[in-house]
Amino acid sequence: MITSRQHKLLRFLLQQREYVTLFNLAEQFSVSKKTIQRDLNIINDYLVDSNVQVDKKVGAGVLLLAENAADFLQLEMQLNGESEDADSIMSHARRIKIVSWLLSETPKETSINKLSERFYISNASVVNDLKIIEDWITPLGLQLIRSQSGTRIQGNENDVRQAMAALINGLINYQDPGLVNHSRLDAGSYKALVEYFGEDEVDFVQVLLQEMEQELSYPLGEAYYINIFTHILIMMRRRTRGNLLDNPVHVSRQPLKDPVFLVAGKMVEKIEQHMALSLPEDEVWFIYQYIISSGVLVIENHSSSFLHSELFSDEARDITSNLVRSFSRLINIELSNDKQLYDGLVVHIRPLINRLHYHINIRNPLLDDIKSELADVYRLTHIAAENVFIRCAQQRVSDDEVGYLTVHFQAAIERQITHKRVLLVCSTGIGTSHLLKSRILRAFPDWEIVAAVPASNLQSVNQKMAPDLVISTIHVPEIDTPVVYVTAFLNDADLQRITETLITEKLHQISDAHTVTQS
């Protein structure tokens, strides 16, 4: 059987009459090229008993080939038979519309009959949909209240907005192809937000955030930008419909002299003018929390790395140091002296602390790829994050947050392989060994080739030189030093094997060991 994504990929290829590159397929389905390659291999196995095959052409891409059109038609019918039932797809889409409408309208009540008329379904179908919707919203801290007077969703304003944001995020295709980007919003986000809130509202918030970034003198990172964008639109929608709930935790707070708080106040004034409606004072706090919980897009160049002093705090520094120490212990590689890792993490962790405090969730659009491509580092980062954040902040971090931290640690680990002492084993002549040496140094310019020897001298030279790695074109006796086998001409597959030997295999062993220990 093939997965839903592979199903969609195969259907997409069925419509193509020209070769499609892996890069274009990766963009089309918002995954990595490596994921597309894996999917194509599985699809190849799936097609083994059919008269259709995936043809791969270097430089051109892939194309489905068959002896005649009837074979394509038969495959299409087979896919139609295996695809999800059309009624179930329509039911899922309808439930999303129902829960979206209920969230927008809360605390107002509605009736089964009104839902039946609004969504053109029977009362029995509405009752069934509501049971499924209740399962969706309960983990989000919300309740579905059914009474004689009607049906409504109950919860505080923050939880209602978080649920609406999660719903909208689920509808966003972050890399929707074929559309022009609109300012800071990627095309997929713009399209989804316009469909949900309308073009005028989206364009207003776009200008509002542009002015905010100019006043703050620094841009927000993309995921955080979309997050605050969505939440402001939700707040405007809820106020326009007269459905804002109280947030009593904010009532006792006094206005701050913080420049960010003043910017938030100006933003609320502009929103009030745009809607021609007043907003509660709480909304200044609402926007303030989202700004200080957003990550800054750090602009780096050769001369300096631009960092605002307010991005740092003693708590952020302590958590960052503890996190680096915890991860270093897990992988038995000392990363505490990696300034780039420390600076990158502390910039991320300061707003992360605020997000935990204010229960603000962000979505990581790369999470699936990170879990797939960086599985071992992700698992180890998860362990380190739980150790540190539960102890220091008494809170767990979400998978999305762990995904962002994982990328920092993966980069740090890869920086560790920049300085290695390598012993070459090559038996095909001095010319070939020189060629191999030059290609290794071109791929890894900071490495040192300590010697190039025949297999017969490996044991003695290895003991004497103590290299970090042995790269060989021929089979060699078992030794303690890691060995990577390559071809004499060092192709891309060889380079990948070298990198995986230095990073992936070791991490995989460590990750497995920790998994066994925890279980």
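Helix H11 passes helix H13 in a right-handed crossing, where right-handed means that the near helix is turned clockwise from the far one by less than a right angle, and left-handed means anticlockwise. The model is predicted, so to speak of local features a pLDDT of at least 70 is needed, side-chain atom pairs count only at pLDDT 80 or more, and totals for chains, interfaces and linings use all residues. Residues are numbered from 1 along each chain as its sequence is written, and side-chain values use heavy atoms, with hydrogens and water left out.

Helices (H or I, at least four residues) and strands (E, at least two) are DSSP runs, numbered from the N terminus. Axes are lines fitted to C-alpha atoms, for helices over the stretch in contact, and angles run from 0 to 180 degrees between N-to-C directions.

| Pair | Angle | Axes |
|---|---|---|
| H11 (residues 222-240) and H13 (residues 282-292) | about 165 degrees | 10 Å apart |
| H9 (residues 187-197) and H11 | roughly 5 degrees | within 11 Å |

The angle makes H11 roughly antiparallel to H13, a label for angles over 145 degrees. On the H11 side, Asn 227, Ile 228, His 231 and Met 235 meet Glu 283, Phe 286, Ile 287, Tyr 290 and Ile 291 of H13; contact means heavy atoms within 4.5 Å. By class, this contact of H11 with H13 has 6 nonpolar, 2 polar and 1 charged residues. Here Ala, Val, Leu, Ile, Met, Phe, Trp, Tyr, Cys and Pro count as nonpolar, Asp, Glu, Lys and Arg as charged, and the others, Gly among them, as polar.

H9 and H11, in turn, are roughly parallel to each other, the term for angles under 35 degrees. Ser 189, Leu 193, Tyr 196 and Phe 197 of H9 make the contact with Ile 226, Phe 229, Thr 230, Leu 233, Ile 234 and Arg 237 of H11. These residues divide into 7 nonpolar, 2 polar and 1 charged.

Now for a loop. Thr 110 sits between helix H5 (86-105) and helix H6 (112-119). At 4% relative accessibility, Thr 110 counts as buried, which takes under 20% relative accessible area with a 1.4 Å probe and protein chains only. Leaving aside residues up to four places away in sequence, Thr 110 touches Trp 101, Leu 102, Leu 115, Gly 150 and Thr 151.

Finally, the whole protein: 22 helices and 8 strands are present, and 46% of the 519 residues count as buried. Among contacts between residues at least 6 apart in sequence, 67% join residues at least 24 apart.

Key. Parallel < 35°, antiparallel > 145°, perpendicular 65-115°, else oblique. Buried < 20%, exposed > 50% of the residue type's maximum accessible area, 1.4 Å probe, protein only.
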